[in-house]
Amino acid sequence: MTLKKGFLWGGAVAANQCEGAWNVDGKGMSTADCMVASHHGVQREFTDGIVEGKYYPNHEGIDFYHHYKEDIALFAEMGFKCFRLSIAWSRIFPNGDDETPNEKGLEFYDHVFDELLKYGIEPVVTISHYETPYALVKNYGTWRNRKMIDFYLRFCETIFKRYKDKVKYWMTFNEINVNGFHPEMTMGLRIKEGENRNQVIKQASHYEFVASAKAVKMGHEINPEFKIGMMMMYPTFYGETCKPEDQLCAMEQVDKQYYFSDVQCRGYYSNKAKASWKKEGVVLDITDEDVKALKEGTVDYIAFSYYNSNVASSRDDVECTDGNMVNAVKNPYLKASDWGWQIDPIGLRIALNNLYDRYQKPVFIVENGLGAKDIVKEDGSIDDDYRIDYLKAHIQAMKEAVEEDGVDLMGYTPWGPIDLVSCGTGEMQKRYGFIYVDRDDLGRGTLKRSKKKSFEWYKKVIASNGEEL
Ligand code: BG6
């Protein structure tokens with residue numbers, strides 16, 4: 001058998017894309033609540049607070065808040081060994097700087113974890129997944145402000161202590177390297193006109209690094225059994241040709257991502273990172289205490305998302321397409337999804353090799369999948385063979401990375417095992433699930449759940465520990 005016993009098969013979601021109940025039981029507003037619905041090719045608008053007449057699909061999500069029992073029962077039926085979810089920060093600390101947590105919010109996650117554990121499903125928790133309490137943005141300027149470290153740590157301490165016997169696997173920030181592309185989405189951070197973008201993003205990211213490192217240390221003190229990881233978006237980059245300039249471009253693109261994982265895995269900034277500050281005119285507020293904290297709080301594992309690969313070119317006049325978080329240069333050897341994301345299982349094998357070789361820490365694929373339009377047939381069935389094909393090829397590639405390349409892989413949690421609101425566009429029609437949810441882009445539908453063809457397929461994959469694809 002290629003994959004180890006206890007391999008963590010499951011699925012992954014984020015609170016703001018599925019829970020709904022955005023203002024229920026004392027939850028405060030988060031940045032995700034201010035994201036307006038959009039569509040393919042158009043970036044989502046962030047409004048200052050809620051603007052009447054605009055549609056905010058995350059407010060209702062797929063109402064996991066009230067359907068979690070039914071949804072978890074379906075995950076259990078598929079044989080999930082784990083389920084990756086995030087905790088909505090503003091459900092626990094509605095304003096972010098509150099002295100005491102919101103008990104109702106804590107109770108909700110108690111119920112969710114208990115339900116998961118009832119079926120033997122291990123919760124895997126992302127502490128912060130693209131939703132900062134809105135009040136922290138308004139009152140403190142979000143991660144521009146060093147005070148955020150303490151607010152974040154108060155949140156961590158609360159959930160670590162509360163759930164220490166229920167949750168073992170944690171991740172500090174979702175796709176921390178996406179700070180470099182979409183700081184407003186990841187941190188609620190809007191770059192002002194005339195500002196040095198790199199300065200602002202790298203300073204805010206530094207505060208997140210320190211917060212993450214201190215959280216890792218604190219978590220291990222609260223429960224030495226905790227496994228606390230970092231989480232990044234990994235887009236494998238190919239140089240467009242063997243022209244050295246193209247290869248150099250590819251290296252530079254990946255280095256921009258390693259800027260983040262290096263600090264969290266090694267505990268210090270590399271010489272290359274420091275050289276980038278010089279080049280970009282960046283001067284960071286880094287104290288001696290920060291340096292010590294980074295060293296003491298390196299992560300236990302590397303979690304990453306992988307949907308598509310990318311191409312780097314030294315030419316300007318390249319043809320582009322879409323990709324997760326970053327627009328991509330077209331690769332003539334690859335097919336793309338309906339949303340233009342280029343499908344490349346070999347790129348996943350390369351990603352696994354690169355990350356494992358670089359850091360020698362276990363890796364965990366916590367997002368992968370195909371966003372596609374599904375057609376519900378008259379009898380209610382959904383034949384999503386395209387999704388099965390995508391996942392099959394990626395699981396095959398991941399097995400090769402384990403068997404042939406010796407990568408230490410902890411688990412695989414494809415994105416959105418149940419359809420949910422798209423992060424990039426706010427659409428519902430961009431579906432990833434094994435479970436269909438009756439809801440459309442305008443928020444209409446019964447929210448009824450039904451199984452797609454891929455449901456039985458994934459169940460078989462898990463039961464055979466990846467032997468039967
Ligand atoms: C990841 C995010 O980058 O991509 C998820 O962590 C997101 O939150 C996923 O949903 C897929 O992107 P999209 O735009 O198709 O939802």
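**Close-up views of a predicted model**

Figure 1. A polar side-chain atom of K430 is placed 2.7 Å from an oxygen atom of the ligand. The protein covers 99% of the 380 Å² of accessible area that the ligand has on its own. The structure shown here and in the other views is a predicted model. E175 likewise brings a polar side-chain atom to 2.6 Å from a ligand oxygen atom. In the side chain of N324, an N or O atom is 3.0 Å from an oxygen atom of the ligand. The ligand has 15 residues around it, of which Q17, E175, C423, K430 and Y432 come nearest. The site that holds the ligand is the largest pocket.

**Figure 2. Strand β1, with both of its faces buried.** Strand β1 comprises residues 8–12. Five of its five residues are buried, so β1 is largely enclosed by the rest of the structure. On the side of strand β12 (residues 409–412), two bridges join the parallel pair β1 and β12. Within that pairing, W9 stands opposite Y412 of β12. Strand β1 also runs parallel to β2, to which three bridges join it.

Figure 3. Strand β3 spans residues 122–128. Six of its seven residues are buried, so β3 is largely enclosed by the rest of the structure. Strand β2 (residues 82–86) runs parallel to β3, and five bridges join the two. One point of reference in this pairing is S86, whose bridge partner in β3 is T126. Strand β4 (residues 169–173) also pairs with β3 in the parallel sense, over four bridges. Here V125 has W170 of β4 as its bridge partner.

Figure 4. N16 belongs to helix α1. Is N16 buried or exposed? Its relative accessible area is 9%, under the 20% limit, so N16 counts as buried. Two contacts of its side chain are shown. In one, a polar contact of 2.9 Å joins the side chains of N16 and N58. In the other, the side chain of N16 reaches the backbone oxygen of H129 at 3.2 Å.

Figure 5. The phi angle of D25 is near 55 degrees, a positive value in a residue other than glycine. D25 is in the loop between α1 (15–18) and α2 (64–78). With a relative accessible area of 34%, D25 is partly exposed. The phi angle of N465 is near 50 degrees, again a positive value in a residue other than glycine. N465 lies in the segment after α14 (453–463). Its relative accessible area is 12%, and N465 is buried.

**Figure 6. P362 in a loop, and its spatial relation to L409.** P362 is placed in the loop between α12 (345–359) and β11 (363–367). P362 has a relative accessible area of 25% and is partly exposed. How many Å separate the C-alpha atoms of P362 and L409? The separation is 5.8 Å, although the two residues are 47 residues apart along the chain. L409 also falls within the range of strand β12 (residues 409–412), which is joined to β1 in parallel by two bridges.

**Figure 7. A336 in a loop, and its spatial relation to T321.** A336 is found in the loop between β10 (328–329) and α12. At 41% relative accessibility, A336 counts as partly exposed. Along the sequence, A336 and T321 are 15 residues apart. In space, their C-alpha atoms are 8.9 Å apart.

Notes
Residues are numbered from 1 along each chain as its sequence is written. This is a predicted model: local features need pLDDT of at least 70, side-chain atom pairs count only at pLDDT 80 or more; totals for chains, interfaces and linings use all residues. Side-chain values use heavy atoms; hydrogens and water are left out. Buried means under 20% relative accessible area, exposed over 50%, partly exposed in between (1.4 Å probe, protein chains only). Two strands pair if DSSP finds at least two bridges between them. A residue is near a molecule or strand if one of its heavy atoms lies within 4 Å of it. A polar contact is a pair of N or O atoms within 3.5 Å; within protein, one must be able to donate a hydrogen and the other to accept it, and residues adjacent in sequence count only if both atoms are side-chain atoms. Accessible areas come from the Shrake-Rupley method with a 1.4 Å probe; for residues, only the protein chains shown count as cover. On a 1 Å grid over the protein atoms alone, a cavity is a set of points where a 1.4 Å probe fits but cannot get out, and a pocket is an open set with protein on both sides within 12 Å along at least five of seven lines; lining residues have an atom within 4 Å of a point. A molecule sits in a cavity or pocket if more than half of its atoms lie within 2 Å of its grid points.
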